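Dear colleague,

Please find the structure below, handed over for your review. My notes on it follow directly after.

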Amino acid sequence: MGLGALALLLSILLGWAGSHPIPERKSFNKLLLISFDGFRWNYDQDVDTPNMDRLAREGVKAKYLTPPFVTMTSPSHFTIISGRWIEDHGVIHNMMFNTETGWKYSFKTTQNKTEWWDNGVLPLWITAQRQGRKTASFHYPGGGAKYQGEAVQRSLVESYTHPDSNETEWRENIDIVMNWFTQEDFDFVTLYYGEPDNVGHLFGPETERRRVIIQQIDRTIGYLVEAIERHGLTDHLNVIITSDHGMTTVKKKPNVTEILLTNYIKFSDLVKFHIVDYGGFGMILPKPGKEEILFQTLKNAHPHLHVYRKDEFPERFHYAKHERVLPILVYADSGYNINAQLIIYFNKGDHGFDNDLMDMKTIFRAFGPDFKKNYLAEPFDSIHIYPLMCKLLGITPEPHNGSLAITQEMLTDSSSQQPGEETLGSSVFRNTAIGLGTFVGILTVLFVIAVTYTAVQRKKK
Ligand SMILES: [Zn+2]
């Protein structure tokens, strides 16, 4: 073989490498995250839930999910969407407050207050958007805020008068979300429902009213599966159904001695500001110089009340380090409300208690093209949902406290590859590398043939 022939082959191969485009393919499926507020882990066990049962067979079910402490709506939802402990993301309560003015803002008011949510930790919506994904939030807590100046591309915030349990509206919301996926090509959507939390508070978790709302949720999940099929999304959409905390029955007199702090301390002398009267968890800012006396007085005041200085709060809660947390923390045993100066509390069910309590555990279900079928996962912490979502969306995660190792066994492709490793850039690089490798290989073979040929010719001579 002459040098000319080799040059010709080389140019053909180079031409092939240059004109052969790397096929463009979305390497990830779409993702829908649904939260049903206050869905305790075992709510489906004393009522018929055929659709949830079917999903367990066709997807993944965790035995239960452990929410972060404090087991409250906004803090817990923001842990799911950021993969950070509450003391790191700073959304430490449902209420936003100002210790100087004494103002407290309700859960719904905070939904439009960026300053409450944007503490330097990026939720997945923003991270995904920065990596080219299209994201939306439908009523999900925190979805209405801006993060480092950036809003979620499509965001609907719950109005003050929004009904929690209108089944027709629940279905309409699913239709809207399906259209976002199919007509507008959204990649990641979070969808939030205020039930069964509302019913759990009003009537208590061990009631017929709660069982009825669980059946309504189950029908809605059936409608969701139907809508996914109708929109042709079955093979392209992963769905995670989860929640923020459980629910327990509130203990009241005469069955128990209720916790009323004014029985032990004089508020006007010792307390500058407090967040109490909000279930089984509270925080107190003492007046200057009064911290020690306040702590000592409350410490053994009630057998079901736990009192801590901020820097001594149990590490396992991953809660107290944030600067927003007030100097004295109080939490109660399961079902006890902490009341300040009056017992004005009328809830029959509540949450906010120790996340080790089974009544505070919640649900995790998942299905779709990337999830195994009929897979029962061991219990895990909700903080691990974030790296799982990043992996599903092909997103490089922000620094977080979760671990993909906990959840990757749920996936059909359970390789230990870190989420985001397979970005578009890296796959182009990899494909190019494969092409170059093949090219060099062929060249080597040609070289060996040429050398052998020449040697044989010489020998003949
Ligand atoms: Zn909640």
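Pro254 sits in the loop that runs between β12 (248-249) and β13 (259-260). The peptide bond joining Lys253 to Pro254 is cis, with omega at about 10°. Please bear in mind that this is a predicted model. A cis peptide bond also joins Glu195 and Pro196, where omega is about 5°; Pro196 belongs to the loop between β10 and α9 (197-203).

Positive phi values deserve a remark for the following residues. Asp185 has a phi near 60° and is found in the loop between α8 (167-183) and β10. With 10 other C-beta atoms within 10 Å, Asp185 counts as exposed, the limit for that class being 12 or fewer. Asp277 has a positive phi near 60° and lies in the loop between β14 and β15. Here 16 other C-beta atoms fall within 10 Å, so Asp277 is partly exposed. Gly394, which follows α13, has a positive phi near 65°.

Turning to the overall composition, the protein contains 15 helices and 22 strands. It has 461 residues, of which 43% count as buried. Among contacts between residues at least 6 apart in sequence, 76% join residues at least 24 apart.

As for confidence, the average pLDDT of the protein is 89, and 84% of the residues score at least 70. Over residues 10-25 the pLDDT is below 50, and this stretch has 6 contacts in the model beyond near neighbours in sequence. Residues 419-435 also have a pLDDT below 50; beyond near neighbours in sequence, that stretch has 23 contacts in the model. I would ask you to read both stretches with these values in mind.

The interior comes next. In soluble globular proteins, nonpolar side chains tend to be buried together. The largest nonpolar core of this model has 104 residues, and those with the most contacts inside it are Leu32, Val177, Val189, Val330 and Met389. Helix α13 (residues 385-393) supplies the largest share of this core, 7 residues. Domain 2 (30-250 + 355-417) and domain 3 (259-346) both contribute residues to the core, which therefore lies between them. Val189 touches Leu32, Ala136, Phe138, Val177, Trp180 and Phe181, leaving aside residues up to four places away in sequence.

Helix α13 itself is mostly covered, with 9 of its 9 residues buried. These are Ile385, Tyr386, Pro387, Leu388, Met389, Cys390, Lys391, Leu392 and Leu393. Against which elements do the buried residues of α13 pack? The strands concerned are β1 (30-36), β10 (188-193) and β11 (237-242), and the helices are α3 (73-82), α7 (124-130) and α14 (404-407).

Two of the sheets are described here, and I take them in turn. Strands of a sheet pair through backbone hydrogen bonds, either parallel or antiparallel. From one strand to the next, the twist averages 10°. Within this order, strand β2 (residues 60-62) pairs with strand β20 (residues 364-367) in the antiparallel sense over 2 bridges. Lys61 has Arg365 as its bridge partner in β20.

The other open sheet has 4 strands in the order β14-β15-β17-β16, and its pairing is antiparallel. The edge strands, β14 (271-275) and β16 (305-309), each pair on one side only. Neighbouring strands of this sheet are turned against each other by 20° on average, direction ignored. Strand β15 (residues 281-286) and strand β17 (residues 328-332) are paired in the antiparallel sense over 4 bridges. One of the bridge pairs involves Ile284, whose partner in β17 is Ile328.

With kind regards

Note on methods: Residues numbered from 1 in each chain as written. Predicted model: local features only at pLDDT ≥ 70, side-chain atom pairs only at ≥ 80, totals over all residues. Core = buried A, V, L, I, M, F, W, Y, C linked by C-beta atoms within 7 Å. Buried ≥ 20, exposed ≤ 12 C-beta atoms within 10 Å, placed from the backbone. Domains from an automatic or database assignment. Contact = placed C-beta atoms within 7 Å. Pairing = 2+ DSSP bridges. Axes fitted to C-alpha atoms, helices over the stretch in contact; angles between N-to-C directions. pLDDT = per-residue confidence, 0-100.
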